[in-house]
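These are my notebook entries on a single protein model, written down in the order in which I looked things up.

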Amino acid sequence: MTATDVATPDKTTEEEPPRPTRTREDRWGWLGVGAITLALAATWIPRVNLPFGDNHMGRIISRYALHLANLHEKGIVGSDFSADWEPYANSAYAHHPPLLNILTALFGSFPGDQPIEVWLSPYLLALLIVPAGALLLRGLGLRWSATLLAVGLMAATTFFWVYAPIMFDLGPILLISAVVVIARRRDYQPSRGLIAIGVVAGLLSTLVSWPGIGFAGAMGLWLLIGRRRIDRVVLWIGGAMVVGLLISLTFIVGVSGIADLTNQAEFRTQGGTFTAREFASRQVRYLDALLPVWYLVLLVIGTVAGLLDKRTRLFMAFAVVFQGFWTIVLNNGAYIHEYWNYPVLILGLVGMGALLDRLIGWLTNRGPARVALAASAAAGLALVVALGVIVTGRVDRNYVENPTDAGALVSEHGPGPDQKVAWVAGGGLSTPRWYAYYWDLAPKGVTPEVLDGTEANPTDLVLMDLRRVPKWLPPTIGDRAFAKDGTYALIRISDLKAAEITP
C-alpha cells in the first residue's frame, strides 16, 4: 500500500512505476518521514498556544476562533452552522468548504478555552503534508533518498514553516494525488487499506478548499481514465469525492448564497487596479521573501526535470496548469496575499524529487553507492541547519513572535469604559479579526473626522502599530500610550485628540 520498490537505474524512465510492495527500505524510509514530521511538530509546538496576532496566520485562524465562540453562544443553527463571525461582520462567512469549521468545532468541544483549540486543526493538517508528499513521490516511482530530500527541501523554507498552517488544504491535495497515482493502473488491485485512505483523502480534499475540490476532480477523472472502468476503486474513492462536494456546496450555497459567492469570485479575479508589471513585480518580491535563492533556482530546474521525466510528466503538467490558473486568473488574491502562490510548493516537491532522483541515480551508476549515500546525508544535514536558522532567527521573530504582541496586548487589556468600537489607527495592522475576537467589538479605523465627532468616547482605547503612525499624529505619540507590547500600543482617544496635528 505504502510505497513502490526503488526503481532500478535502467528503468527510471518507464512511465509506469512498479507495483507497490513493502520492503525493508520502505520501513526505513517511512521512519525518515516520521522523523521529519516529528521535527516539524517540535518546532511548531511553541506556536500552538500563542495569541492570535497581526499576521496572516492570526487574520485567518482568528476567524475560526470567532466561528467557535459564536457556535458555543448561539448553537449550530443560530451560528449559521459555525459560519457566524460576529462582531467582526454581520453576515456569515461561508465562501469556502467547511472542513476547518468542522474540525474547529470538534476540538472546541474539549474542556477549556485556549488558542490551542483553534490552532490544533490547521497544524495537524499542516503535518499531513509531509507523509502525503512522501507517498506521492514514492507512488511516482522515485527512490527513497530523493523522496526524503525533496520533502526536506520543502520543509526547510520560510514559505512552508511559516505558512503551512494556513495552507491547510495542501496535505489533502497531496494525499488524494498520491492515492490516485498508485491506484490508477488498470492491472493493479489496491488493498482495502489503500482504498480506505483514498476514501478519507477524497472526503478531506473536497471538504477543505476550492483548490482541494479542483485537484480532487482532476484526480478522480485521471483515476477513471486509468482504470478504464467503474470498479470498486473508482466507486469508493469517487463516491467519497461526490459526498464531500455535496456537503461543501450545501454549506456554501445554503449559508452564503450564490450572489455572495459570485461577488467573492469576481473580487478575486477583477478586484485589482494594478498593472501587469506591478503584478509581476509583487509576485517576484513575495517569492523572494518566502523562498531562498537556492530553492528558486532549483524550482525552475526541477520543474523542467519533472516535465521531462515520464514518471512525473502528467502530474507535473497538471500542477503547472493549476499554478498558472491560481495565480494569473485569480490575480487579485495573488496580488494581495503573499502566501497565495503556495501551490508552487507542489511544483517544488515533485520537480525536485525528479531532479534529485536523476542526480542520485547518476552518482550511483558512476561510483560506489557510499558516494551517493554520503552526498544525500550531507544534503540532509544542510537542510536541518537551514530549518534551525528559520526556527531560531529573524524569520520566527518577524513572521511569528513579534506579530503576536498585538494579540497579547489586546487580550491583556480590555476596552475602555462603555467603549463600543475596537478602534485602530495607522497602517500595518492586518485585517483585525483577532481584535474583534478578544474585545467582542467590531473594529473600525480612527480618522481626524472620528476625533472631531461624537462616536468615540475620550476614554476609548485605540490600537496602533507605532512603526506606522498616521501622518496626522506626531511620531512620538507612543509616549502617551496607555499600554505597550513590542511595537504595539493602546492609546486613549483623548490623547490622540490632544496630539493631533492640524494642517
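**Entry 1: backbone in the loops**

I looked up R228 and found it in the loop between α9 and α10 (232-255); helices (H or I, at least four residues) and strands (E, at least two) are DSSP runs, numbered from the N terminus. The model is a predicted one, so I read local features only at pLDDT of at least 70 and side-chain atom pairs only at pLDDT 80 or more, while totals for chains, interfaces and linings use all residues. Residues are numbered from 1 along each chain as its sequence is written, and side-chain values use heavy atoms, with hydrogens and water left out.

R228 is not a glycine, yet it has a positive phi of about 65°. I noted R228 as exposed, at 62% relative accessibility, where buried means under 20% relative accessible area, exposed over 50% and partly exposed in between (1.4 Å probe, protein chains only).

I then turned to the loop between α2 and α3 (99-107), where D80 is found.

**Entry 2: the whole chain**

For the protein I counted 22 helices and five strands. The radius of gyration is 25 Å, close to the 23 Å that the globule rule gives for 503 residues, so I recorded the protein as being as compact as a globular protein of that length; the radius is taken over C-alpha atoms, and the rule is 2.2 Å times the number of residues to the power 0.38. Along the principal axes, the C-alpha atoms fill a box of roughly 80 × 50 × 50 Å. Of the 503 residues, 54% count as buried.

I also checked R24, which is found in helix α1 (residues 24-44) and is exposed, with a relative accessible area of 61%. From R24 to F318 I noted 294 residues in sequence and 33 Å in space, C-alpha to C-alpha.

**Entry 3: strand β1 and its partners**

Which residues cover the two faces of strand β1 (residues 422-425)? A422 and V424 lie on one side and W423 and A425 on the other, and I found all of them buried. β1 pairs in the parallel sense with strand β2 (residues 443-445) over three bridges, and two strands pair if DSSP finds at least two bridges between them. β1 also pairs in the parallel sense with strand β3 (residues 461-465), over three bridges. W423 stands opposite K444 in β2 and opposite V462 in β3.

**Entry 4: pocket and cavities**

On a 1 Å grid over the protein atoms alone, a cavity is a set of points where a 1.4 Å probe fits but cannot get out, a pocket is an open set with protein on both sides within 12 Å along at least five of seven lines, and lining residues have an atom within 4 Å of a point. Grid points are joined across faces, edges and corners, and a volume is the space filled by probe spheres set on the points.

The largest pocket holds about 1,000 Å³ of space. I found 38 residues in its lining, with Y93, H96, R268, W326 and W340 nearest its centre. α11 gives the most to this lining, with seven residues.

I found three cavities of 30 Å³ or more, and the largest cavity has about 80 Å³ of space. Among the residues that line the largest cavity are R47, W119, Y123 and T404. The second largest cavity has about 60 Å³ of space; of the 10 residues that line it, R184, W222, K310, R311 and L314 are the closest to its centre. α14 gives the most to the lining of the second largest cavity, with three residues.
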